[in-house]
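Open the model in your viewer and keep the sequence panel beside it. This tour goes from one selection to the next and says what is found at each stop.

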Amino acid sequence: MRRPLTALLLSIAMMSGTAFANDIPMVAIGLPFAPETPQPLAPGHPLYKLVEISEIEDLPPTVKSSSLNFIAAAKRSSINEGLRESFRRMNLLATDPTAARGLLSVTWVGSQTPFKIGGRNSASVTLRYRLNRKSNGELLFDREITTTADGGGVDASMRDNGTVRAAIAANFASAANCLDRAALGTAPEDCALAPQFSVSIIRRR
């Protein structure tokens, strides 16, 4: 059973029965995915709090669900913060950059949201992740990941923006999970996780 992402929004938003597109978090660690749900790294893991993260490359100032949508789904700063927070919750982010053993470089490839007037739609997001050993620059991990999220709502522009944000959150979660697995030699060929939740956008009365 798919669990609405709105279930994890701020209590004020839930009490009013409202979820705006910008309320959809770009951090999905703790939400259910298939075929597995990312779990925070335990002390002793090879990458436990040892990854430094650079700003996302080729990321535009704002990301929109489509050129027809005048309202942006997210700003560059909030997307970068979503990446860092996702890795922090997974216990991957180095608390002290000088102690980091790996440098993660992330490149924004793009997003797609098909134009649809109906009540539901989906969005996909693609990013590339490369992890290099800080001591000598050796490439340890290089994957391009495409994730998809879906959702519904009476306002098409808000719905599509919300699904883009959820797809970004799923991408960060997929990358963190794949890095976890890669460090142990068990990373799948396709790192993309499928969200077992959906976005539900409700207009405030």
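The stops below cover a pocket, a helix residue, a ring pair and some loop residues.

**Before you start**

This is a predicted model, in which local features need pLDDT of at least 70 and side-chain atom pairs count only at pLDDT 80 or more, while totals for chains, interfaces and linings use all residues. Residues are numbered from 1 along each chain as its sequence is written, and side-chain values use heavy atoms, with hydrogens and water left out.

**Stop 1: the largest pocket**

Select Pro46, Leu47, Arg101, Gly102, Leu131, Arg133, Leu140, Phe141, Leu179, Ala182 and Ala183, which line the largest pocket. A pocket here is an open set of points on a 1 Å grid over the protein atoms alone, where a 1.4 Å probe fits, with protein on both sides within 12 Å along at least five of seven lines; lining residues have an atom within 4 Å of a point. The space in this largest pocket is about 210 Å³, a volume being the space filled by probe spheres set on the points, with grid points joined across faces, edges and corners.

Which elements each supply at least two residues of the lining? They are strand E7 (120-133), strand E8 (139-153) and helix H3 (156-183). H3 gives the most, with 3 residues. Helices (H or I, at least four residues) and strands (E, at least two) are DSSP runs, numbered from the N terminus. By class, the lining has 8 nonpolar, 1 polar and 2 charged residues. In this scheme Ala, Val, Leu, Ile, Met, Phe, Trp, Tyr, Cys and Pro count as nonpolar, Asp, Glu, Lys and Arg as charged, and the others, Gly among them, as polar.

**Stop 2: Asn171**

Stay on helix H3 and select Asn171. Is Asn171 buried or exposed? Asn171 counts as buried because its relative accessibility is 0%; buried means under 20% relative accessible area, exposed over 50%, partly exposed in between (1.4 Å probe, protein chains only).

**Stop 3: the ring pair**

The structure holds 1 aromatic pair. Select Phe33 and Phe197: their ring centres are 5.5 Å apart and their planes at 85 degrees, so the pair is edge-to-face. Rings of Phe, Tyr and Trp (its six-membered ring) pair if their centres lie within 6.5 Å; planes under 30 degrees apart count as stacked, over 60 as edge-to-face and the rest as tilted. Phe33 in strand E2 (residues 33-34) and Phe197 in strand E10 (residues 197-201) are 164 residues apart, and the pair links distant parts of the chain. Phe33 is buried at 6% relative accessible area, and Phe197 is buried at 2% relative accessibility.

**Stop 4: loop residues**

Go to Pro35, in the loop between E2 and strand E3 (51-53). The peptide bond from Ala34 to Pro35 is cis, with omega near 5 degrees. Lys49 is also found in the loop between E2 and E3; its phi is positive, near 50 degrees, and it is not a glycine. Lys49 is partly exposed at 32% relative accessibility.

End at Thr113, in the loop between E6 and E7. A polar atom of the Thr113 side chain lies 3.3 Å from the backbone oxygen of Ser65.

Note on methods. Polar contact = N/O pair within 3.5 Å; in protein donor to acceptor, adjacent residues only side chain to side chain.
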